[in-house]
Amino acid sequence: MKPESTFEYFLSYEILKAGLRTVLGRTKICQPALLTLTALPAAIQIRYKSRKQRVRQPKSEVEKPKQFTSKKQLKKVLSADVQDKDSIIAAAPVDNVWVHKFYPKPKFSIEEAIKRHNALAQPAMLNNLKGIVFLDMRLDCSTAKKTKFMGTIRSTVRLPHEFPYGSPPAILVFCKKEENISLAETLGAKHVGTPENITKMINNGLINPKDFNHVLCTPDCASDILSLRSHFRDIFPQKAKGTVNQDLQSMWDLFFYGYTFESQKLTDAVGRLQVPLGVMDQPTEELVENFHVYIDNICKHRSVALGPFITSIAVVVPPSTEEFLLKVEDYVPGYKNDEVDSDEEDVAEAQT
């Protein structure tokens with residue numbers, strides 16, 4: 001039964017304390033315990049459980065921390081469209097009608113892939129005989145060290161059979177001799193001049209380095225343009241890239257009539273590269289020759305001692321959605337048991 005007033009609280013507490021003092025005195029309890037009891041407050045506040053229903057706040061979703069993925073695990077991820085090997089029931093279908101998910105994608109030779117695209121490009125089908133043929137490649141960017149990977153590659157190649165593609169590149173030429181200046185102007189350089197004049201124009205905002213696709217330089221100007229490295233970055237002239245040469249005519253022919261390609265990184269260990277191969281109405285023999293030139297040039301960026309650089313090649317002709325995979329092991333060095341030169345092993349060690 002609950003007391004009805006504060007006075008009843010006080011009275012009941014005083015009676016309880018007097019009774020305890022009498023009982024404890026008879027049992028001869030120790031003096032410190034008795035002092036502690038008698039020192040209790042005269043009134044205590046007694047709290048009763050509330051009859052109101054307690055409303056709980058809704059739980060807020062806590063974001064789970066992202067799981068750390070090591071570079072070793074990323075290396076195993078080749079691409080997003082890798083076919084699940086568990087669903088494959090045979091290496092090749094027996095009949096001419098089959099379910100695609102139960103068999104690996106068929107692979108063809110470069111000649112057969114071009115022939116199939118040519119059949120789709122006929123006027124009765126897609127009417128795309130002027131379409132551009134592209135090679136869509138996957139690159140293995142791993143090195144001898146498991147935690148170190150290659151960066152992107154950028155290069156320019158002159159194909160044996162040229163075709164119209166894109167707009168003419170904008171080229172800047174550094175040279176000092178009058179004959180080279182007149183030659184560059186005759187060839188159609190967007191801008192040509194000495195390092196001193198071009199540096200002043202860049203500093204004054206008259207020339208934007210981002211407007212140029214290539215920058216060529218003669219050896220007598222190589223040391224005078226070092227201060228402009230931060231402006232041109234990837235296109236800064238270097239002898240290893242072929243943009244520093246005494247023969248201005250040969251440099252111009254390569255970078256004006258050639259095709260420049262640059263890879264992209266899908267993951268640390270996997271890269272992607274797309275290059276134009278030719279026009280659909282070109283003879284198949286010309287497209288095949290361009291194909292071999294591309295493969296030889298691309299594979300030079302990585303040592304054969306590290307394995308094949310190109311892991312897959314697909315032939316596509318937009319706007320068609322069809323893509324035909326090639327038998328990459330027949331064209332790319334490193335798949336077969338070729339003898340590796342000792343110089344290649346040294347190059348592989350240097351790339352790590």
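**Ground rules**

I'm working with a predicted model, where local features need pLDDT of at least 70 and side-chain atom pairs count only at pLDDT 80 or more, while totals for chains, interfaces and linings use all residues. Residues are numbered from 1 along each chain as its sequence is written, and side-chain values use heavy atoms, with hydrogens and water left out.

**Entry 1: the overview**

Of the 352 residues, 33% count as buried. Buried means under 20% relative accessible area, exposed means over 50%, and partly exposed is in between (1.4 Å probe, protein chains only). I also looked up contacts (heavy atoms within 4.5 Å). Among those between residues at least 6 apart in sequence, 69% join residues at least 24 apart.

**Entry 2: salt bridges**

How many salt bridges are there? I get 8, taking a salt bridge as a side-chain nitrogen of Lys or Arg within 4 Å of a carboxyl oxygen of Asp or Glu.

I looked at Arg138 and Asp136 to begin with. Their side chains meet with N to O at 3.2 Å, and both residues are buried. Arg272 joins in too, in a salt-bridge network with Asp136 and Arg138.

Then I went to Asp140 and Arg302, a salt bridge at 3.6 Å, N to O. Asp140 sits in strand E2 (residues 132–140), and Arg302 is in the loop between helix H9 (284–299) and strand E10 (310–316), so this pair links parts of the chain 162 residues apart. Is Arg302 buried or exposed? Arg302 is buried, at 4% relative accessible area.

My last pair was Asp224 with Lys176, whose closest N and O atoms are 2.6 Å apart. Asp224 is in the loop between strand E6 (214–217) and helix H7 (229–232), and Lys176 is in the loop between strand E4 (171–174) and helix H5 (178–187), so the pair ties together parts 48 residues apart in sequence. Asp224 is partly exposed at 30%, and Lys176 is partly exposed at 35%.

**Entry 3: the nonpolar cores**

Next I looked for nonpolar cores, meaning sets of buried Ala, Val, Leu, Ile, Met, Phe, Trp, Tyr and Cys residues joined through side-chain atoms within 4.5 Å. The largest has 42 residues, and those with the most contacts inside it are Ile110, Met137, Phe291, Ile298, Ile310 and Ile313. Elements supplying at least two residues each include helix H4 (110–120), E2, H9 and E10. Which one gives the largest share? That is H9, with 7 residues.

I zoomed in on Ile298. Leaving out residues up to four places away in sequence, Ile298 touches Met137, Leu139, Ile153, Phe261, Leu273, Phe309 and Ile310.

**Entry 4: strand E10**

Why call E10 largely enclosed by the rest of the structure? Because 5 of its 7 residues are buried.

I checked the neighbours of E10 as well, where two strands pair if DSSP finds at least two bridges between them. E2 and E10 pair antiparallel over 6 bridges, and Leu139 has Ile310 in E10 as its bridge partner. E10 and E11 also run antiparallel, joined by 3 bridges, with Ala314 opposite Leu325 in E11. E10 and E11 make a hairpin with 6 residues between them.

How values were computed: Helices (H or I, at least four residues) and strands (E, at least two) are DSSP runs, numbered from the N terminus.
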